[in-house]
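These are my notebook entries on a structure that I went through chain by chain. I wrote down what I looked up, in the order in which I looked it up.

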Protein chains: 4
Amino acid sequence: MIGNIEWTFDMRIVVWNEFVHEQTVDSVKAVYPQGIHVTIAEALRELLPDASVDVATLHDPEHGLDEARLDQTDVLFWWGHAAHDRVEDRVVDRVHRKVLEGMGLVVLHSGHLSKIFRRLMGTTCMLRWRDSGERERLWIVDPSHPIVSGFDDEYLDIPSEEMYGEHFDIPAPDELFLVSWFSGGEVFRSGCTFRRGKGKVVYFRPGHETFPTYHLPQVQQILANAARWAMPSGSKYVGEGRHIIEPLER
Amino acid sequence: MIGNIEWTFDMRIVVWNEFVHEQTVDSVKAVYPQGIHVTIAEALRELLPDASVDVATLHDPEHGLDEARLDQTDVLFWWGHAAHDRVEDRVVDRVHRKVLEGMGLVVLHSGHLSKIFRRLMGTTCMLRWRDSGERERLWIVDPSHPIVSGFDDEYLDIPSEEMYGEHFDIPAPDELFLVSWFSGGEVFRSGCTFRRGKGKVVYFRPGHETFPTYHLPQVQQILANAARWAMPSGSKYVGEGRHIIEPLER
Amino acid sequence: MIGNIEWTFDMRIVVWNEFVHEQTVDSVKAVYPQGIHVTIAEALRELLPDASVDVATLHDPEHGLDEARLDQTDVLFWWGHAAHDRVEDRVVDRVHRKVLEGMGLVVLHSGHLSKIFRRLMGTTCMLRWRDSGERERLWIVDPSHPIVSGFDDEYLDIPSEEMYGEHFDIPAPDELFLVSWFSGGEVFRSGCTFRRGKGKVVYFRPGHETFPTYHLPQVQQILANAARWAMPSGSKYVGEGRHIIEPLER
Amino acid sequence: MIGNIEWTFDMRIVVWNEFVHEQTVDSVKAVYPQGIHVTIAEALRELLPDASVDVATLHDPEHGLDEARLDQTDVLFWWGHAAHDRVEDRVVDRVHRKVLEGMGLVVLHSGHLSKIFRRLMGTTCMLRWRDSGERERLWIVDPSHPIVSGFDDEYLDIPSEEMYGEHFDIPAPDELFLVSWFSGGEVFRSGCTFRRGKGKVVYFRPGHETFPTYHLPQVQQILANAARWAMPSGSKYVGEGRHIIEPLER
């Protein structure tokens, strides 16, 4: 429960995970015994000591994303893969509305095919993939970007990951900050930002469930930076439309 | 019918209109006796002599946009206002898919709230408005853009139009080529382009049904240029996703 | 001197002004008796209590922008008009290099024709203008943007200003957050951001020397937000180029 | 001489090459006996039968780029490497002005450090490199883009090339259509477009002088498409600035 004490935190984060593979596949359970969401939440709590970090899954009532919870959420992380279709449309509607009203959203890895990401993008969000555990190097193509703050090196290395390759069918991102190289021959736009309504959206590619990607310190740093970047900002929301009667006096 | 002779045309255009106001409101009928779609189609035929230009409306079977017709369409124009909700979802699905596969789409005026535009944008597409017939001046903010080819002046003037004002809740356009000034005090991003999948999307603001906007030569020139710009181009479509088995030999 | 105590401040700002009109034109002196730079610096000190805010002018040795000073500067504000040509090229070279290395730069009003802005843009940066003291309304076209944080309304109003009109010959900005309406019939992209190297660049239009624009609280809020937004961020700078000998082991 | 007959051609292209390596290094002469410019010009003549294609080099008077020649040029290709500093500033000034006035510019490979490209970008344009002849695969990341028209596959392959790696210090391109994968572990934004003034600028990475890259049909197709895309378009040029006296009657 974050209700009574929400005023004491600078950031209120919820990490959402479908939490399916970790309960059904032994090799995944071995990597993320309590679920991907718990691993990510623990990392964020350590890196963002002023933040309140909560978790939610598909299996909670309203998938843990009822109106009251979202009213108390600044940034929502989203991991899904096997159960995109089991996410209720009314929950997707709600999350979509909250993003347009200013809630940050960080979509991870196979979340590229989630209902919420596809609705925000307006495209298929399809891509090429190969799950053979290969080397990924994520090059920083915008060293000025706040999401890569704190990196000494020009890239992030992940020893073994699923490959995602272009063409990634998304609108041209507003900002592109990471491009992946895979040893098998592909490239991918792995760190992207999008503005939708008043909400800031981040897509970050790595994180296949069979690899310990979210245990890597560099990856955790990206996630913490992404949360900071996606925090609500700006003016009063004005997306509701308005019939204006009076012209301005000149 | 465009079937048998499609190979003789360089461009195959369909102008879609809900065609409601022109049949029910006398003041609109006076301006567009045969419908907005017919006025636009006639202008395009004159300005694009190599193009095949056809029309379709809400009242045709499948709204005139069945699979066979869309297979023969390079660029689709869209005007709607009163009847957005009467457009069948299966037709919207089909148009959406065709845009992602490469069909150009030119969305006009109140089409900003059409199902197809909102689905492609992922936002509310809401805005401010005032229908008091005021002066609009559309300034060219990207004089290099092909859609403003042929203009001697730095702006387009429309003596009397409905006002649309910011904030217009769309993703940041890939290209912004026109910004409107309204005498009543507002501005608006009136000429925008977006890429979605392989399709090129244009939004062009003017064209309220009670004003003779689509009879203006400068406006017709913009529509013809937009059709040319939105023509399919590029490589084979690759948005379908693909499981890749073999890595590249190094 | 900010040297010994720089470690106690979160932000180190320098406000640069050519400081010519205020010493030579009575009507300008009446509005900014100590110079535009002092008015801006005082506002920033009040709105950003953690910041160190210093000033510099054309008339200081090295225009007040020697290597040591710039090494201690996070964000530089720039106002110039009559004396662009009197800014030494070696100083422009130095500021240019510092921006590419990560220093933020906020270019104000007639600074659009400064050597530093034109060098960063690569274009003429020319525009239309009319100095007849007319009403300007700046519409927020990206309500999510941090630079418009804290605004309740959908626009900023300035009762009397010089007009700047399109076409403004700049590269398409990375982000467009304000568009001006002028009562005389023009529009202008008045709030723009650009990334150049590791540096973040803001252009903010208002601020003709004969009007008390920088005394307005809303304008001061934009300047403070712009300073925050332009703070250095990101990874280690890598713009220096590098000959790489060894390929990666696959 | 293209003077008397310029009116008979749809496109007037000039391919500029410093033409140094091909006269001094045997291994380069073996690949491009008449110079890189001649190989490119021949390919463009074949693929663009309606175009007039001319060549120019560093060694011509005014480097072959006098005012009269540029007045007759729609699109200029630029290849340089060893002699960037020997290009006269007055010629760079002229080419810069012509680009801002609408002439297309296609910058190839090591032209990233040419005076003209750096001036248009406003950044260092530095990058990482390794000249060990490795495999490059250029992935199409925007399959809708006209410059990749005619490609059946999702990538272009080059068996042996010099590596260029990120970070490439350019402003974020307006459009990114190709990203390279190199077998040695790097990625690169290899196909980029930029608008500057009224001119369209393309950067295309491949083409080290020791490899037969410009003899490859796929590469030649990209060059021809780039020429078509960079053709002047749009409204009358308005970048010259203008003092406007009269406000608009409302």
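**Entry 1: a loop residue in two chains**

I looked up Phe19(D) and found it in the loop between strand E1 (11-17) and helix H1 (21-24) of chain D; here helices (H or I, at least four residues) and strands (E, at least two) are DSSP runs, numbered from the N terminus. The phi angle of Phe19(D) is near 55°, which is a positive value in a residue other than glycine. Is Phe19(D) buried or exposed? Phe19(D) is buried, with a relative accessible area of 16%, where buried means under 20% relative accessible area, exposed means over 50%, and partly exposed lies in between (1.4 Å probe, protein chains only).

I then turned to chain B, where Phe19(B) lies in the loop between strand E1 (11-17) and helix H1 (21-24). Phi of Phe19(B) is also positive, near 55°, and Phe19(B) counts as buried at 17% relative accessibility.

**Entry 2: how I read the model**

I note that this is a predicted model, in which local features need pLDDT of at least 70 and side-chain atom pairs count only at pLDDT 80 or more, while totals for chains, interfaces and linings use all residues. Residues are numbered from 1 along each chain as its sequence is written, chains are lettered from A and ligands numbered from 1 in the order in which they are written, and side-chain values use heavy atoms, with hydrogens and water left out.

**Entry 3: cis peptide bonds**

I looked at the peptide bond from Glu166(A) to His167(A) and noted that it is cis, with omega near 10°. His167(A) sits in the loop between strand E6 (155-165) and E7 of chain A. In chain C, a cis peptide bond joins Glu166(C) and His167(C), with omega about 10°, and His167(C) is in the loop between strand E6 (155-165) and strand E7 (175-182) of that chain.

**Entry 4: where chain A meets chain D**

How many residues does each chain give to the contact between chain A and chain D? I found 23 residues from chain A and 23 residues from chain D, with contact meaning heavy atoms within 4.5 Å. The area buried between the two chains is about 1,800 Å², and carbon and sulfur atoms give 59% of it; buried area is the accessible area (1.4 Å probe) that two parts lose on being put together, summed over both.

Across this interface the rule finds two salt bridges, a salt bridge being a side-chain nitrogen of Lys or Arg within 4 Å of a carboxyl oxygen of Asp or Glu. I looked up the one in which the side chains of Glu154(A) and Arg128(D) meet, at 3.0 Å from N to O. On the side of chain A that touches chain D, the elements giving two or more residues are strand E5 (128-140), strand E7 (175-182) and strand E8 (187-196) of chain A. E7(A) gives the most to this side, with five residues.

**Entry 5: how the copies are related**

I noted that a rotation of 180° with 0.0 Å of shift along its axis superposes chain A on chain D, with an RMSD of 0.0 Å; copies are superposed by least squares on the C-alpha atoms of residues with pLDDT of at least 70 in both. Because 100% of the interface residues of chain A are also interface residues in chain D, the copies meet through the same surface.

Chain C can likewise be laid on chain D by a turn of 180° and a shift of 0.0 Å along the axis, with an RMSD of 0.0 Å. That is the relation of a two-fold axis. In chain C, the C-alpha nearest the axis is that of Gly122(C), 2.7 Å from it.

**Entry 6: salt bridges within chain A**

Over all chains the count comes to 92 salt bridges. I looked up Arg90(A), which forms one with Glu62(A), the closest N and O atoms being 2.8 Å apart. The pair links distant parts of the chain, 28 residues apart, with Arg90(A) in helix H5 (residues 89-101) and Glu62(A) in the loop between strand E2 (51-57) and helix H4 (67-71). Arg90(A) counts as partly exposed at 44% relative accessibility, and Glu62(A) counts as partly exposed at 25%. Both belong to a network of salt bridges whose members include Glu67(A), Asp71(A) and Arg94(A).

In another pair, the side chains of Arg205(A) and Glu136(A) meet at 2.7 Å, N to O, and both residues are buried.
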